Amino acid sequence: MPLHSNGNLSKLYFQDFVLEGFAGGLRTQVLLFAVFLALYMVTVLGNLLMIIVITLNARLHSPMYFFLKNLSFVDLCYSSVIAPNALANFFSSSKVITFAGCATQFFFFSLLATTEGFLLGVMVYDRFMPICSPLRYPSTMCQSACTRLVLGAYCGGCFNSVVQTSFTFHLPFCSSNRINHFFCDVPPLLQIACGNTAINELLFFGICGLIIVGMTFVILISYGYITVTILRMRSGTGRRKIFSTCGSHMTAVTLFFGTLFVMYAEPGAIESMEQGKVVSVFYTLVIPMLNPLIYSLRNKDVKEALRRLGQKHSAM
C-alpha cells in the first residue's frame, strides 16, 4: 500500500476496500443469499420479459411503452451493478473490492438510479399531456421528442454520477478500508474518509435532495392537474381507465422516491448505516423486481401481449 508523506505526518492510503455486508453467522448468510438470489432472478426475468414483449408487439409501440421499456432496461442494469457482487460476497472470506472496482460500481449505480428518477418524471409528463392537453399530444410526444426526453434523463444521471464519483473518490481513505455496506455508496464511504467531508456532504445532500424533492414536487403537481381533469370527465369508464393507468405509475413513484428520500434526503442518513442497508435492498432489488409486476398486472395491453406471446411460444 502506498505511503503519502506530508512533513512529519505519514498516512496510509488503501488500494482495496472490504465490503462488510450484513452481520450474522452462516445460517443468516445462507438465508440472505437465497433472498438476494431470488429477488435478482425475478428482477432479471421480469424486466427482460417486459423489454421483449414491448419490442415484439407492434400495439405497444407508443410513447408510454417506449418509456416503460427504458425503465425496465435501467432497472435490469442497475440491479445488476449491485446484486452479482453482493451475492459473491456472502460466502467470500475476504469480501475485497478494489478501489477502481468500487468507484466503477458507484459510478454506474449513481448513473442508473438517477436516470430512473428522471425517467419516472418523464413518464408523468407522458400521462399529463394526453389527459390535460390531448390535441397537442401527438405532435408533442413524437418519436424524436421521446428519444430526446430519454437521452435527457441519461444525461442528467451522468452529470450527477460524474460529480458524485469525482468528489467522493478524491477523498483520502486512510483511517479504514472497511465499508459498512454491501455495495459502494456515498454515506458509508464518507464514514471512513479521513479528510474533511463537509463539502462532500453538502454537495451530496444538495444534489440528491434537489433531484428527489424537485422531481417529487413536479410529479405531485402533474398528478394534481390530472386528478382535476379526470374528475371533470362525465364518462365513468374513462375515469376508471385513466386512474388504472396512472395508479401503476404512482405506485412505482411512491416506492422509488419514498425509499430514496429515507436514504439520501434525510440529514441523518450518513450516521444510520444499519437502517440504510435495509432501505438499500428495497431500491436496488425489490423495486426493480416490482416494477414489471406493477405495470403488467395492472395493464390490460401488457397482459394481452403476454398472453399472445405465450400462445405463440406454445404453438411452436
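Arg178 and Glu20 form a salt bridge in which the closest N and O atoms are 2.9 Å apart, a salt bridge being a side-chain nitrogen of Lys or Arg within 4 Å of a carboxyl oxygen of Asp or Glu. Arg178 belongs to strand 5 (residues 178-179) and Glu20 to the loop between strand 3 (16-19) and helix 1 (26-56), so the pair ties together parts that are 158 residues apart in sequence. Side chains of opposite charge can pair when their charged atoms come close. Arg178 is partly exposed, with a relative accessible area of 44%, and Glu20 is likewise partly exposed at 29%; in this scheme buried means under 20% relative accessible area, exposed over 50%, and partly exposed in between, with a 1.4 Å probe and protein chains only. The structure holds 1 salt bridge in total.

The model is predicted, and local features therefore need pLDDT of at least 70, side-chain atom pairs count only at pLDDT 80 or more, and totals for chains, interfaces and linings use all residues. Residues are numbered from 1 along each chain as its sequence is written, and side-chain values use heavy atoms, with hydrogens and water left out.

The secondary structure comprises 10 helices and 5 strands, where helices (H or I, at least four residues) and strands (E, at least two) are DSSP runs numbered from the N terminus. Of the 316 residues in the protein, 48% are buried. Among contacts between residues at least 6 apart in sequence, 77% join residues at least 24 apart, contact meaning heavy atoms within 4.5 Å.

The unreviewed UniProt entry places the feature "transmembrane region" at residues 30-54, 66-86, 106-125, 145-163, 202-230, 242-265 and 277-297; the positions are given in the numbering used here, feature names are shortened, and annotations may be inferred rather than shown by experiment. In the model, residues 30-54 are 100% helix and 0% strand, with the end C-alpha atoms 36 Å apart. Residues 106-125 are also 100% helix and 0% strand, and their end C-alpha atoms lie 29 Å apart.

Two packed helices are described by the angle between their axes and the distance between the axes. For helix 3 (residues 99-132) and helix 5 (residues 143-168), the axes come within 7 Å and cross at roughly 145°; axes are lines fitted to C-alpha atoms, for helices over the stretch in contact, and angles run from 0 to 180 degrees between N-to-C directions. The crossing of helix 3 and helix 5 is right-handed, a crossing being left-handed if the near helix is turned anticlockwise from the far one by less than a right angle, and right-handed if clockwise. Residues of helix 3 in this contact include Phe106, Phe107, Leu111, Thr114, Phe118 and Tyr125, and those of helix 5 include Leu149, Ala153, Gly156, Gly157, Asn160 and Gln164. The contact residues divide into 14 nonpolar, 9 polar and no charged, with Ala, Val, Leu, Ile, Met, Phe, Trp, Tyr, Cys and Pro counted as nonpolar, Asp, Glu, Lys and Arg as charged, and the others, Gly among them, as polar. Cys155 also lies in helix 5 and is exposed, with a relative accessible area of 53%. The C-alpha atoms of Cys155 and Thr114 are separated by 9.7 Å, although these residues are 41 apart along the chain.

Helix 1 contains Tyr40, which is buried at 16% relative accessibility. Leaving out residues up to four places away in sequence, Tyr40 touches Ser79, Ser80, Ala83, Pro84, Leu87 and Leu285. Tyr40 and Ile82 are 42 residues apart in sequence and 9.7 Å apart from C-alpha to C-alpha. Ile51, also found in helix 1, is buried at 18% relative accessibility.

Ala58, in the loop between helix 1 and helix 2, is exposed at 60% relative accessibility. Its C-alpha atom is separated by 9.6 Å from that of Ala305, 247 residues apart along the chain. Lys95 occupies the loop between helix 2 (63-90) and strand 4 (96-98) and is buried at 16% relative accessibility. Lys95 has a positive phi of about 55° although it is not a glycine.
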